[in-house]
Amino acid sequence: MAGAARAAPAWSADELKTLRSLWLGSLGPVPPDPSNRVADDPAAAALGRSLFFDRQLSANGKVSCASCHQPARGFTDASATGRGVGVGARRTMPIAPAVFSPWQFWDGRADSLWAQALGPVENPAEHGFTRTQVARVLAGKHRGPYERLFGPMVDLDDRSRFPLRATPLGDDRARQAWRRMAPADQQAINRIYANFGKTLAAFERTLKVHPARFDRFVAGAIGARGDRGALSADEVAGLRLFIGKAQCSTCHNGPLFSNGGFANTGVPARPGLPRDEGRATGVRTALADPFNCRGPYSDAPKGACEELDYAKVDAAVQTRAYKVPSLRNVGRRAPYMHAGQFASLERVVDHYDRAPRAPAGQSEIRPLGLSTKERRQIVAFLRTLDER
Amino acid sequence: MSTYGYSSPGQLARRRLILGLAALAGAVVAASACARPAGLDLSRDRLSDHGVFRVALSSRATPIPLFRTHSWSVRLTTPRGDPVSGASLAIDGGMPEHHHGLPTSPKVVADSSPGDYVVNGMKFSMPGWWNIRLAITTPEGLSDTITFNVVL
């Protein structure tokens, strides 16, 4: 039954409850981030926006956050893995839905947006930069806005105290330079670096998730205010499969089509990339990160770090578990999965239907027994999530 | 319920089977190896598995939220109702139908009054049938377990 539907399909009370839970109108406000005291400060967001697009924050002067997180593409790119100064190991993730997630990166190794922003900048494959260089860019180009938010910056002119390139996470020379620094000076640099991340986070928190055709359809079905729209018969069938036989909404639920958790779905390893344990490593990294919610650069009061305090650490379940991404706008951001392993939505649905064994750990998915028509209908439904 | 896409007798028969199970489970769920039993005990105040304790469990956040951490209260007494203090409670659980555990590692600590405890860091990552299992031990050497069902 292809083609545009005319009659409104009948939904049970339970199904309407499910539809409402998936509707963008059910998305609450951006959650507060007590670890970032400038999270909702417009001046911080303005500085963060300048920094997000500043290509000087890279080893070759050509890479900014926006190089991979391209605004015209929903803040992602079209590559299997990100390309900055070098080629990375991970698919670039969109930003607007991430604002609602307690964990960042495919493996959840950062517990806030601001901690996440610090990773790519010092990653040799991405920006290839160091925190001392970031501090100098801030001092040189953004001193006024920075100091209005965070107070006077330490004087970086003394190269014996503040080397040009120093970080605990860099190449051998940068690490040696970092080790030679006095602890108080290391902390001063770290504090500037954390503040840098916090302004980027403030900007990212202003990015919006936009409604899709699916939302106009649900508005009609539940009798909500606002624009209403129709879905085709195939798209409705795909929606029924999504919340039913195909079990997609097991994890892809809520108004962002993600439960914010992690799952091993048996995605194959990309050849040529280093061995990857996913969340099993990511959670340990987050717990040890000096820039996490409990660390010295966090603004969070005691007791405000529940995600970290009660984070599950269980290698058996978390090996090769990756973040459940939001499916909003999914039709526009091929390729898919944590290293861009699948080129199309058809390939993704094929994977879920066959449910192969995981390369390591235990896959949570089981074969679905979908017909060719059902696979096509699920893909048709997924395209109704494109932001308009 | 519409029958889009189901036209052959084989497909209709399979559809009826799925509908039958859905009626049993009270939701549209595809057949699974651990389907929800009928008549699930949803009570939150009852005796533990070997009758050693009486346990009452309640959420401190109502309605019970999805996707975010929150706390629950445990009231632990003897079957007669005398508060039991100083117990250690270990908590685990999960979703039997989906073969996975709790998404976080909640911890139970004593609250301010005798017999009262708090479970911190609970989180439910999706609607459906959840188990919450408590393993209770007292310094005097009493121990027992109890499993509660929560359907969201």
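The centres of domain 1 of chain A and domain 2 of chain A, taken over C-alpha atoms, are separated by 27 Å. In the domain assignment of chain A, domain 1 covers 13-30 + 210-385 and domain 2 covers 42-204; such bounds come from an automatic or database domain assignment. The model is predicted, so that local features need pLDDT of at least 70 and side-chain atom pairs count only at pLDDT 80 or more, while totals for chains, interfaces and linings use all residues. Residues are numbered from 1 along each chain as its sequence is written, and chains are lettered from A and ligands numbered from 1 in the order in which they are written.

The contact between the two domains takes 34 residues from domain 1 of chain A and 30 residues from domain 2 of chain A, where two residues are in contact if their C-beta atoms, placed from the backbone, lie within 7 Å. On the side of domain 1 that touches domain 2, the elements that give two or more residues are helix H11 (279-288), helix H12 (306-309) and strand S2 (322-323) of chain A. Helices (H or I, at least four residues) and strands (E, at least two) are DSSP runs, numbered from the N terminus. H11(A) provides the largest share of this side of domain 1, 6 residues. By class, this side of domain 1 has 16 nonpolar, 11 polar and 7 charged residues; Ala, Val, Leu, Ile, Met, Phe, Trp, Tyr, Cys and Pro count as nonpolar, Asp, Glu, Lys and Arg as charged, and the others, Gly among them, as polar.

Within chain A, the axes of helix H2 (residues 42-52) and helix H8 (residues 183-204) come within 7 Å and cross at roughly 100°. Axes are lines fitted to C-alpha atoms, for helices over the stretch in contact, and angles run from 0 to 180 degrees between N-to-C directions. H2(A) is therefore roughly perpendicular to H8(A), a term for angles of 65 to 115 degrees. Residues of H2(A) in this contact include Leu47(A), Leu51(A) and Phe52(A), and those of H8(A) include Phe196(A), Leu200(A) and Phe203(A). By class, the contact of H2(A) with H8(A) has 10 nonpolar, 2 polar and 2 charged residues.

The contact between the chains takes 32 residues from chain A and 22 residues from chain B. Helix H1 (13-22), helix H10 (233-243), H12 and helix H15 (372-382) of chain A are the elements that give two or more residues to the side of chain A that touches chain B. H10(A) gives the most to that side, with 4 residues. The side of chain A that touches chain B has 12 nonpolar, 10 polar and 10 charged residues. H10(A) is mostly covered, with 11 of its 11 residues buried; a residue is buried if 20 or more other C-beta atoms lie within 10 Å of its own, the C-beta atoms being placed from the backbone. Among the buried residues of H10(A) are Asp234(A), Glu235(A) and Arg240(A). The cover over the buried residues of H10(A) includes H1 and H15 of chain A.

In chain B, 5 strands form an open sheet in the order S1-S2-S3-S7-S6, with antiparallel pairing. Two strands pair if DSSP finds at least two bridges between them. Strand S1 (45-47) and strand S6 (107-110) of chain B stand at the edges, each with a single partner strand, so one side of each is left without a neighbour in the sheet. The twist averages 25° from one strand to the next. S6(B) and strand S7 (residues 116-122) of chain B are joined by 4 bridges in the antiparallel sense, and Lys107(B) has Asn120(B) in S7(B) as its bridge partner.

Strand S4 (residues 88-95) of chain B pairs with strand S8 (residues 129-137) of chain B in the antiparallel sense over 7 bridges, with Leu89(B) opposite Ile136(B) in S8(B). S4(B) is also joined by 2 bridges to strand S5 (residues 100-101) of chain B, again antiparallel. Gly101(B) in S5(B) is the bridge partner of Gly94(B). The hairpin of S4(B) and S5(B) has 4 residues between the strands, and His99(B) takes a positive phi near 55° in this hairpin.

Most residues other than glycine have a negative phi, and most peptide bonds are trans. Phe75(A) has a positive phi near 65° and counts as buried, with 23 C-beta neighbours inside 10 Å. A cis peptide bond joins Ala334(A) and Pro335(A), with omega about -5°.

Conventions:
A residue is buried if 20 or more other C-beta atoms lie within 10 Å of its own, exposed if 12 or fewer, and partly exposed in between; C-beta atoms are placed from the backbone. Angles under 35 degrees count as roughly parallel, over 145 as roughly antiparallel, 65 to 115 as roughly perpendicular and the rest as oblique.
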